[in-house]
Amino acid sequence: MLCDICNKHEATIHIQEIINSQKKAMHLCSECAVDKSQNDPSFDFGGFNLAEMLYNISESQGGIPGLTPMSDEESIDETNKPREAKETNDLKCINCGWTLKALRRTGRVGCPECYNIFREVIENALENMHRGKLHVGKSPGSQNTEKSSNFMLKLMRLQKELDEVIQREEYEKAAKLRDKITALKKKINSPKPKKKNASK
Amino acid sequence: MPLNKIDKLLKHDVSWLVDSGPDGDIAISSRIRLARNIQGLPFPIAATPGQLEQIQSATELALKKSTTVGKDYLDFHMSDYSELDHQILLERRLISSEFVDKGEHTSLFVKQDESCAIMINEEDHLRIQALCPGLQLFKVWEQINKLDLELEKSLPYSYDSQLGYLTSCPTNVGTGMRASVMLHLPGLVLSGKINAAIQGVNKLSMAVRGIFGEGTDNRGNLFQVSNQSTLGESETQIIDRLNTVITQLVMHEKNCRSSLLKNKKYFLLDHVGRSYGILRHAYTLSSEEALNSLSGLRIGVDMGMFNSVDLHTVNKLFLTINPAHLQKFAQKELSSQDRDVFRAAFVRKQLKNAKLSKGE
């Protein structure tokens with residue numbers, strides 16, 4: 001059976017959605033599936049949002065992992081929306097505010113922390129995208145990484161502080177921070193830093 | 001002044017055009033792209049302007065102080081440049097279409113011979129790409145890995161022990177690496193064997209697409225083969241697999257060409273001759289027709305049919321017939337029809353000294 005989009009390759013992904021006994025089916029080759037989810041996550045194939053589908057697989061496999069079953073009292077809900085769907089779509093990243101809803105809509109996450117918050121959903125999607133679930137390639141980190149990347153982290157922290165302090169119009173503090181930032185930048189740029197830690 | 005940098009770039013010889021690598025008439029260039037992000041900050045899609053600025057300055061700092069990124073790099077603050085300039089960079093495959101007019105706090109670092117380019121704040125904080133002519137994936141990996149190793153000393157990359165390098169899109173997670181080769185496959189196309197070849201490649205979980213982005217559009221008989229998966233295999237495993245697949249494809253293409261030459265000689269010569277005729281004598285030339293004709297010309301060059309037209313000429317034309325390049329040369333905006341006229345004139349001029357080496 002050929003892919004519904006390109007009509008050239010063999011369809012290896014078969015999607016069938018049944019809602020209120022209304023059936024919809026879609027057949028895609030792996031290339032078009034990945035292509036569309038990457039480049040056009042909001043693309044609607046006659047009712048399907050592919051990104052949403054790839055991330056909804058956990059839901060279709062029987063409930064949302066991680067949620068404990070509610071007691072009868074608690075499960076009474078005034079809204080008509082299925083309770084589970086409402087809760088998971090409200091799932092939010094504590095670091096950047098990205099929601100599961102946004103993930104399903106765009107196919108992307110907002111920050112590294114999202115990978116922890118939305119782990120289950122993402123891992124299910126990863127299975128269809130990649131040849132394995134575990135990274136076996138190179139990793140960052142030698143002794144050198146520690147020192148200079150600490151400087152970078154510090155630099156970013158100072159810059160963040162500076163933004164906040166300027167917003168509060170505490171210009172004297174801002175000036176001091178600016179000096180610290182300049183000094184740190186000089187240290188980062190110099191080939192052989194002599195002192196370990198001058199500032200703070 | 002901002003304007004000069006794009007002109008500066010255009011004046012330099014582009015490595016993959018000037019050199020030709022192994023099997024250069026079939027495998028045109030090899031490319032590897034790495035996606036990297038800095039710890040502790042959101043990806044561009046969820047970052048505030050303030051955070052984007054932080055990312056931009058941190059990465060620029062790291063790049064400027066690196067020894068691999070030396071004085072032969074040009075850097076661009078994308079918002080300082082016009083849309084036309086962005087299009088030129090896109091046509092030279094130095095940036096992605098997502099990066100065009102992406103807004104504030106996006107930067108590009110490009111080596112003057114265009115063998116390496118780094119986008120800042122595209123889909124990820126850093127998108128590093130390196131290129132080599134021909135089929136030389138391992139050489140590209142050596143080069144890009146060297147830069148990556150150096151940058152990681154001053155940029156704390158976002159990394160998870162299970163999922164590898166963390167990226168904005170889970171399709172890039174793990175190695176964050178997309179390796180691809182640009183191929184010219186007229187033999188397969190003219191023999192009607194391209195679809196079977198593409199399906200074969202797909203079965204090995206490699207993606208094949210026309211190089212102009214959309215699906216399997218095969219304008220100019222040009223294709224890009226790349227890995228789909230970035231997780232579960234090491235970088236060298238991915239490259240090794242891709243290299244094997246490409247080597248087989250190249251052989252397949254060569255066989256098709258010799259078979260055509262043996263069994264359908266005049267069909268092939270006719271294809272080349274007509275392509276050459278159009279390029280030499282047309283007065284309006286759409287980019288599609290130009291690309292397809294250049295493909296015919298390229299086969300002719302490979303078969304040694306021409307004097308004073310070599311692969312470099314063809315490769316250079318392939319680049320310069322694009323809309324933004326033409327308008328840059330014309331030094332004004334051109335409507336689609338005017339472009340077609342200008343393109344034809346440009347090509348006629350470039351090929352005016354061309355001669356067929358075999359008798360007509």
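What we have here is a predicted model, in which local features need pLDDT of at least 70 and side-chain atom pairs count only at pLDDT 80 or more, while totals for chains, interfaces and linings use all residues. Residues are numbered from 1 along each chain as its sequence is written, chains are lettered from A in the order in which they are written, and side-chain values use heavy atoms, with hydrogens and water left out.

I start inside chain B, with B:I32, which, leaving aside residues up to four places away in sequence, touches a set of residues including B:I128, B:W141, B:M177 and B:I239. B:I32 is also among the residues with the most contacts inside the largest nonpolar core, which has 53 residues; such a core is a set of buried Ala, Val, Leu, Ile, Met, Phe, Trp, Tyr and Cys residues joined through side-chain atoms within 4.5 Å, where buried means under 20% relative accessible area with a 1.4 Å probe, protein chains only.

Turning to the interface, 66 residues of chain B and 51 residues of chain A take part in the contact. The area buried between the two chains, meaning the accessible area (1.4 Å probe) that they lose on being put together, summed over both, is about 5,100 Å², and carbon and sulfur atoms give 56% of it.

There are also five salt bridges between chain B and chain A, each a side-chain nitrogen of Lys or Arg within 4 Å of a carboxyl oxygen of Asp or Glu. A:R108 and B:E123 form a salt bridge, with their closest N and O atoms 3.1 Å apart.

How values were computed:
Contact = heavy atoms within 4.5 Å. Buried < 20%, exposed > 50% of the residue type's maximum accessible area, 1.4 Å probe, protein only.
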